[in-house]
Amino acid sequence: VIIVGVEEENLPLWTTLLQEGREEPLAEERRVFYVGLTRAQQRLYICSTRDRGDGFLRSPSRFAFALPPRYARCFQINRRGRVRELKTVRRERPAKH
């Protein structure tokens, strides 16, 4: 299973984040993400990017931080397509809106 676009304002959607004080829409998006996670039988890949080329830098989704670190391996791919495994996962917390 491959889940792409796991960035703040994409998962959860920015429109959900605008609904301050309402937990239901955020809980529903978290539930749908969890369903995607549970579909993996052998391997699960969760992908995010810092730069989609539109001039805005992104943070990984808050949902990704809920995963236990012992199950995660983090890789970085540079613009030339070179892949390297990161020894430590930088757990950036998204800024509160």
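Mentor: Let's start with a term: buried means under 20% relative accessible area, exposed means over 50%, and partly exposed is in between, using a 1.4 Å probe and protein chains only. Glu8, with a relative accessible area of 8%, is therefore buried. Keep in mind that this is a predicted model, where local features need pLDDT of at least 70, side-chain atom pairs count only at pLDDT 80 or more, and totals for chains, interfaces and linings use all residues. Residues are numbered from 1 along each chain as its sequence is written, and side-chain values use heavy atoms, with hydrogens and water left out.

Trainee: Okay. How many helices and strands are in the protein chain?

Mentor: Helices (H or I, at least four residues) and strands (E, at least two) are DSSP runs, numbered from the N terminus. Here you'll find 2 helices and 4 strands, in the order β-α-α-β-β-β from the N terminus on.

Trainee: Which residues of helix 2 are buried?

Mentor: First, the general idea: an α-helix has 3.6 residues a turn, so residues three or four places apart point the same way. In helix 2, Pro25, Leu26, Glu29, Phe33, Gly36 and Leu37 are the buried ones. Looking down the axis of helix 2, they fall within an arc of 125° (taken from the directions from the helix axis to the C-beta atoms), so they line one face of the helix. Glu24 and Tyr34, on the other side, are exposed.

Trainee: And what covers the buried residues of helix 2?

Mentor: The cover includes strand 1 (2–3), helix 1 (14–17) and strand 2 (45–46).

Trainee: Now salt bridges. How many does a search of the whole structure find?

Mentor: Side chains of opposite charge can pair when their charged atoms come close. The cut-off for a salt bridge is a side-chain nitrogen of Lys or Arg within 4 Å of a carboxyl oxygen of Asp or Glu. The search finds 5. One of them joins Arg52 and Glu7, with the closest N and O atoms 2.9 Å apart. Arg52 sits in the loop between strand 2 and strand 3 (74–77) and Glu7 in the loop between strand 1 and helix 1, so the pair ties together parts that are 45 residues apart in sequence.

Trainee: Are those two partners buried or partly exposed?

Mentor: Arg52 counts as partly exposed, at 45% relative accessibility, whereas Glu7 counts as buried, at 1%.

Trainee: What does Glu8 form with Arg62?

Mentor: Glu8 forms a salt bridge with Arg62, the closest N and O atoms being 2.6 Å apart. That pair links distant parts of the chain, 54 residues apart. Arg62 is partly exposed, with a relative accessible area of 27%.

Definitions and conventions. Contact = heavy atoms within 4.5 Å.
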